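Dear colleague,

I am passing on the structure below, together with some notes on what I found when going through it. Please read them with the coordinates open beside you.

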Amino acid sequence: MHAPPDRPALSPLFARIVNEQALLAGWRRVKRNRGGAGGDGQEPRHFARDLKRNIARLARDLAGGSYRPGPLRSWPIAKRDGGVRMLAVPTIRDRVAQTSTAMALAPMLDQLMSPASFAYRAGLSVEQAVALITMYRLRGFRWVVDGDIADFFSSIRHEPLLALLAQMVPCRPTCALIAQWLVGFSPNGRGLAQGSPLSPLLSNLAVSPVDRLIEGKRVRLVRYADDFLLLTRTRAEAEAAAATMSAMIRPLGLTLNPRKTRIAHLDEGIRFLGYTFMRDSLTRTEEKAQSKGPA
């Protein structure tokens with residue numbers, strides 16, 4: 001009898017994602033987040049009953065190429081502005097794999113992010129974003145585009161996102177795995193699951209080229225997920241910045257929300273991330289809204 005051919009060695013990054021220890025660390029984070037079942041109905045407590053076997057099977061399926069994502073569980077969540085957003089929650093098994101992937105990729109991709117992006121990034125906070133706005137105000141950037149990206153998570157196009165991911169992460173199996181998850185969420189090529197632990201990282205990656213390109217001598221950016229300020233010294237510069245931002249995000253499948261985007265002077269009073277900027281004062285007006293993507 002002939003011995004079975006040796007399985008090709010995994011790339012270092014993919015091996016780091018799919019090994020049992022990494023998946024176990026992913027499980028611990030999923031458990032800590034206290035989420036519910038995905039589309040298969042399996043609760044975290046069910047997965048934990050045979051944890052060792054479930055982790056070993058997941059590692060084997062991922063490494064061997066037989067892994068396929070399970071169904072998502074979707075339901076509407078009321079937004080603070082009266083609208084509705086849809087949560088789409090992967091199965092426990094998928095969330096474990098996605099968390100392991102996010103943990104491996106986050107340190108790599110974070111180096112590529114703009115200092116103007118504050119959401120979903122370790123070590124950054126709302127207070128640091130507010131401090132940056134205050135510094136820009138002191139430097140004379142007092143006209144702002146107070147902006148909101150409409151349907152942020154559900155509108156991001158997969159094609160440019162995956163092209164950027166392949167450019168930044170030279171590991172074909174990792175990119176192919178992420179592509180599986182994107183197709184599983186939306187076969188029409190748009191949107192990230194607001195329930196996936198990987199979606200916040202991917203949303204920041206998708207917009208990261210815009211974050212870097214929009215800034216210049218006349219424009220400063222502070223962005224927190226789909227909420228952003230473009231700060232300029234004149235109204236004309238703010239109007240130009242708004243038009244540029246709109247054009248730059250369009251190829252990503254994104255548009256500005258006309259109901260929530262306006263041009264104003266800081267002296268008029270701008271509310272952003274739970275703070276109100278007015279003339280030379282800063283007041284905390286409310287708790288920061290819950291993140292629009294998964295924690």
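At what angle do helix α4 and helix α5 pack, and how far apart are their axes? Bearing in mind that this is a predicted model, the angle between α4 (residues 51–64) and α5 (residues 92–110) comes to about 65°, and the axes lie 11 Å apart. The crossing of α4 past α5 is right-handed, and it brings Ile-55, Arg-57, Leu-58, Asp-61 and Leu-62 of α4 against Arg-93, Val-96 and Ala-97 of α5. Sorted by class, this contact holds five nonpolar and three charged residues, with no polar ones.

Val-96 also matters for the next point, the nonpolar cores. The largest of these has 59 residues, among which Val-96 and Leu-230 touch the most other members. Beyond its neighbours within four places in sequence, Val-96 is in contact with Leu-23, Gly-26, Trp-27, Val-30, Phe-47, Ile-55 and Leu-58. A further core of 22 residues lies apart from the largest one, and its members include Val-126, Ile-133, Ala-264 and Leu-266.

Turning to the strands, β7, β8 and β9 make up an open, antiparallel sheet in that order. Because β7 (270–272) and β9 (281–284) each have a single partner strand, they stand at the edges, and one side of each has no neighbour in the sheet. Neighbouring strands here are turned against each other by 20° on average, direction ignored. Strand β8 (residues 275–278) is joined to β9 by four bridges, with Met-278 opposite Ser-281.

With best regards

Methods
Residues are numbered from 1 along each chain as its sequence is written. This is a predicted model: local features need pLDDT of at least 70, side-chain atom pairs count only at pLDDT 80 or more; totals for chains, interfaces and linings use all residues. Side-chain values use heavy atoms; hydrogens and water are left out. Axes are lines fitted to C-alpha atoms, for helices over the stretch in contact, and angles run from 0 to 180 degrees between N-to-C directions. Helices (H or I, at least four residues) and strands (E, at least two) are DSSP runs, numbered from the N terminus. A crossing is left-handed if the near helix is turned anticlockwise from the far one by less than a right angle, and right-handed if clockwise. Contact means heavy atoms within 4.5 Å. Ala, Val, Leu, Ile, Met, Phe, Trp, Tyr, Cys and Pro count as nonpolar, Asp, Glu, Lys and Arg as charged, and the others, Gly among them, as polar. A nonpolar core is a set of buried Ala, Val, Leu, Ile, Met, Phe, Trp, Tyr and Cys residues joined through side-chain atoms within 4.5 Å. Buried means under 20% relative accessible area, exposed over 50%, partly exposed in between (1.4 Å probe, protein chains only). Two strands pair if DSSP finds at least two bridges between them.
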